[in-house]
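Here is a short briefing for someone meeting this structure for the first time. Keep the sequence and the model in view as you read.

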Amino acid sequence: MWGGHSCPPACPTNQVSGFGSSRIRSPRPAPFSRYNRITVSRRVYLDNNATTPVLPEVFEAMCPYFTDHFGNASSIHHHGQETRAAIERARESVAALLGSRPSEIVFTSGGTEADNLAIFGVMTPGDHVITSTIEHSAVLNACKHLADPPHRCELTIVPVDGRGLIDPADVKRALRPNTKLITIMLANNETGTLQPVEELGKIAAEADVYFHTDAVQATAKLPLDVNKIGCDLLSISGHKIHAPQGVGALYIRKGTELTPLQYGGSHERSRRAGTENVPGIVALGKAAELAQAGLKRGENHTMSDHSMSDLRDRLERELLKIEATHLNGRSNGASHASSIRAHSNEDDAPRVPNTTNICFDGIEGEALVIALDLQGLAVSTGSACSSGAIEPSHVLTAMGLSRDQAKSSIRFSLGKQNTAEDIDFALSVIPATVERLRKLSPVWSKVVTGAI
Ligand code: PLP
């Protein structure tokens, strides 16, 4: 199916793992231009929490909205009505995926805008917001910004335990008379850990405060229902569910008082001004339909019909056989996440089915990412580069990992295009690369001798 569809020649069907490509060039631009000269026998992409390739069906659905159906959805003539109808169909599909009413869906430019619209939309000066240490920066930085003038809001950031789980009791204790919003993510982007959102929804409802959850990394990976979660606001992003980058949506429960971020026309029922990104919205609608069809069969499956968690678990199991490797956010057996309730077992944290995060002692994660990339395998660290220095992941350090452990950790995240052969390939290159890098590592000998 991949590569066999009838999209225009510009469609990059031969550049991503899972498309059956061979001997392709790295598409990296400068400053990675040195890589451009390197050809590899195969490219496997296991960084789907960063972004996913657009599914062929999604691409085909959106294509006509660049060319044939180009109208402005606010126009009253035929062309406008055509695109208006397409937007409303997409709204229905997204609403169906989330168990909401179509009128409660507002299209945005992505997850970051959805998070910002939710947070800045409900908070007013002097209000108190509760969030967590492991949120995506779209939430964490928005909340931190609220604490500064002119907003002068109050902020509580609750911690997580070693598994990356929030304790709902901490959230309950943090409530104040002026608490307006609890914003806690559904699935973490680095570890895949699922938070006890249904309990948080109940706490918010009892306290009569708004509950927002960033579901960007949970959407399409497990069934979601805004009423079951009990949230008032929920963010999703197109490019994490095989739609393109630059489109997303915010679910806003009917009756939620929300001030828009930007002013202009009365688009999106005056909640998000600006001419709609019709091809993107159509794509998001199609991706939502495909996701829902996939989830009806239970757990998320790949295009080649493998259970996503079976592939992830095999990768994880084999990698953990390498000496001195550790699973971050220890978890087992909870990956068939039909429920989003947190486990009570001490060792377990429920996870989305596609993600694993592993610490390779004695190795710089960045070095491992680059060494694997040179062999055709794309993975990532959660580290961020700030002022020229690599900073360890705030998520992993919040879970109690040392800076070194956090910097030695790698995230592997699968997508619908991945196959069993992709996992074979990953397993054929990772152990030898880890061994090679450890031989070069001054830290590794100290790890082996127990000096650190
Ligand atoms: N929230 C989470 C949990 C994410 O993982 C991301 C992206 O990585 C975002 C929000 C931001 O979404 P977008 O890239 O669509 O702005």
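Glu268 is buried, with 21 other C-beta atoms within 10 Å. Buried means that 20 or more other C-beta atoms lie within 10 Å of the residue's own; exposed means 12 or fewer, partly exposed lies in between, and C-beta atoms are placed from the backbone. This is a predicted model: local features need pLDDT of at least 70, side-chain atom pairs count only at pLDDT 80 or more, and totals for chains, interfaces and linings use all residues. Residues are numbered from 1 along each chain as its sequence is written.

**Backbone exceptions**

- Most residues other than glycine have a negative phi, and most peptide bonds are trans.
- Glu268 is not a glycine, yet its phi is positive, about 50°.
- Glu268 sits in helix α8 (residues 267-270). Helices (H or I, at least four residues) and strands (E, at least two) are DSSP runs, numbered from the N terminus.
- Arg269 also has a positive phi, near 50°, and is found in α8.
- Arg269 is exposed, with 11 other C-beta atoms within 10 Å.
- The peptide bond from Pro149 to Pro150 is cis, with omega near 5°. Pro150 belongs to the loop between α4 (137-146) and β6 (154-158).

**Around the ligand**

- The ligand is surrounded by 14 residues, and the closest are Gly110, Gly111, Thr112, Asn189 and Ser237. A residue counts as near a molecule or strand if its C-beta atom, placed from the backbone, lies within 6 Å of it.
- Helix α3 (residues 111-122) gives the most to this shell, with three residues.
- By type, the shell holds three nonpolar, nine polar and two charged residues. Ala, Val, Leu, Ile, Met, Phe, Trp, Tyr, Cys and Pro count as nonpolar, Asp, Glu, Lys and Arg as charged, and the others, Gly among them, as polar.

- Helix α2 (residues 78-98) and helix α9 (residues 278-296) have axes that come within 8 Å and cross at roughly 35°. Axes are lines fitted to C-alpha atoms, for helices over the stretch in contact, and angles run from 0 to 180 degrees between N-to-C directions.
- The crossing of α2 and α9 is left-handed: the near helix is turned anticlockwise from the far one by less than a right angle.
- Residues making the contact include Thr83, Ala86 and Ile87 of α2, and Val278, Ile281 and Val282 of α9. Contact means that the C-beta atoms of two residues, placed from the backbone, lie within 7 Å.
- The contact of α2 with α9 divides into twelve nonpolar, four polar and two charged residues.

**The seven-stranded sheet**

- Seven strands form an open sheet in the order β4-β10-β9-β8-β7-β5-β6, with mixed pairing. Two strands pair if DSSP finds at least two bridges between them.
- At the edges are β4 (105-108) and β6, each pairing on one side only.
- The twist from one strand to the next averages 20°.
- Strand β7 (residues 179-183) runs parallel to strand β8 (residues 210-214), over three bridges. Leu181 has Tyr210 as its bridge partner in β8.
- α2 lies across β4, β9 (233-237) and β10 (248-252), at about 115° to β4.

**The three-stranded sheet**

- An open, antiparallel sheet has three strands in the order β11-β12-β16.
- Its edge strands are β11 (325-327) and β16 (409-413).
- Three bridges join β11 to strand β12 (residues 355-360). Thr325 stands opposite Phe360 in β12.
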